[in-house]
Amino acid sequence: MRRLLTSALSLVVATPALAGPTVITADRFLDVAKGTYVEHPAIFVGDDGRITSIADARTVRWGSDVTHIDLGGKTLVPGLIDMHVHLDSPADIGGHRGLEFTDSFFAMTAVANGRAMLDAGFTTVRNVGSGNWNDVGLQEAVDGGYVIGPRVIGAGHALSATGGHCDRTGMPPSMDPGKKLEGVGDSPEELRYQVRRQRKYGAQVIKVCATGGVFSHNTEPGQQQLSEGELRAIADEAHQWGLRVAAHAHGAEGIKAAIRAGIDTIEHASLVDDEGIRLAAARKQPVWFSMDIYNTDYTQAEGRKNGVLEDNLRKDREIGQIQRDNFRKAFKAGVKMVFGSDAGVMPHGLAGRQLNTMVTYGMTPLDAIRAATINSAQALGREGDVGQIATGRYADMVAVDGDPLRDVRVLEKVAGVVKGGKRIEPAR
């Protein structure tokens, strides 16, 4: 025993000091790939915000020139990723109430909404459709250090058929601008042009509305609005430019058309049928479902007060439980899942509540956390950057009290957020 103790003490003394601008320590972190905890980590971060090494904090030393972020008593998980948000959409402004505000108002709200998501532990978000390239502008402001926010992967304007879910509906002809709005196209050629146009002005992902929707006028969620040929043209054009494609698709036929067309993620997938589930599970090129199964709780409770029209609330009621049941069915069948909350329909700071809903409908806590980390990183094509606490990735992580593998609800109230190796103090 004495020899073992002497050997252990020699190891501590002999361990060299590690250099690096920052070291982060905590009780443990979750290795999402393995599904196990790593105890007593010392996570070293370089000037570029990426993890350079991970050591045992009990045996490693670091110099006085290293910034120490001490998260003792906490459990770390990788920074969460939300694959479906609308940062320039305040949840408490519904229906025609948006006409009460000037055009630039919504870009201003994106700053606070992005910050709310970061404070809730979402260090990366994919914004799938905004007005006036507001998401691209926010991404540029965050990257430039002008505002504090998550990593934003923006789509610019969503693509749509004339009169479709992502066109501007609910207005009389007298308020029609007399030309197609940004993102609107009615042939494969027009939609290819819109892919190029969104990319030209900074989009990092393409969003297309393949079916009708809940919160639009004169569209039903199950209604297919773009043909398979049009969807294939969008996917082919985007992939040629190195971009991935997200398809808003509630209806069964639109979902299947999007899968066959090569779309990368299916958003909502509410009314998916058994054939669509089989197609998704079997497709050689991975396709991911992003199903927003929490927000109906908020929209049904608060929507009318926020100005949401009764017809929209009716559609929301009709598909809410069906979507949740189909989430369970699709996950059980082996469909790949990512985390997408549709924040903007609900307050952005509540996005983390969906993790528990995912557990309620068939996932383990680890499954839900993987959907919001490693799975989403893979679906983005960014697995070398985000989604894990691992050497080479950005030092994006969330500190929580308790054990998220036993109770995922601890992620609904985070104790600390680190992005790129820097601790983010909560907004006041």
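Q: How many salt bridges are there between domain 1 and domain 2?
A: The count is 1 salt bridge between domain 1 and domain 2. A salt bridge here is a side-chain nitrogen of Lys or Arg within 4 Å of a carboxyl oxygen of Asp or Glu. This is a predicted model, where local features need pLDDT of at least 70, side-chain atom pairs count only at pLDDT 80 or more, and totals for chains, interfaces and linings use all residues. Residues are numbered from 1 along each chain as its sequence is written, and side-chain values use heavy atoms, with hydrogens and water left out.

Q: Where do the domains run?
A: Domain 1 covers 22-78 + 388-424, and domain 2 covers 80-350. The bounds come from an automatic or database domain assignment.

Q: Which residues does each side bring, in numbers?
A: Domain 1 puts 11 residues into the contact and domain 2 puts in 13. Contact means heavy atoms within 4.5 Å.

Q: How far apart are the centres of domain 1 and domain 2?
A: 32 Å, taken over C-alpha atoms.

Q: What area is buried between domain 1 and domain 2?
A: About 860 Å², with carbon and sulfur atoms giving 61%. That is the accessible area (1.4 Å probe) that two parts lose on being put together, summed over both.

Q: And polar contacts?
A: 3 residue pairs are in polar contact between domain 1 and domain 2, both residues at pLDDT 80 or more. The rule is a pair of N or O atoms within 3.5 Å; within protein, one must be able to donate a hydrogen and the other to accept it, and residues adjacent in sequence count only if both atoms are side-chain atoms.

Q: Which strand gives the most to domain 1's side?
A: Strand β17 (residues 416-419), with 3 residues. Strands (E, at least two residues) and helices (H or I, at least four) are DSSP runs, numbered from the N terminus.

Q: Switching topic. How close are Glu237 and Arg192 in their salt bridge?
A: Their closest N and O atoms are 2.7 Å apart. Glu237 is in helix α5 (residues 228-240) and Arg192 in helix α4 (residues 188-200), so the pair ties together parts 45 residues apart in sequence.

Q: What about Val414?
A: Val414 lies in the loop between β16 (397-400) and β17. Beyond residues up to four places away in sequence, Val414 touches Asp119, Ala120, Gly121, Val398, Ala399 and Val400.
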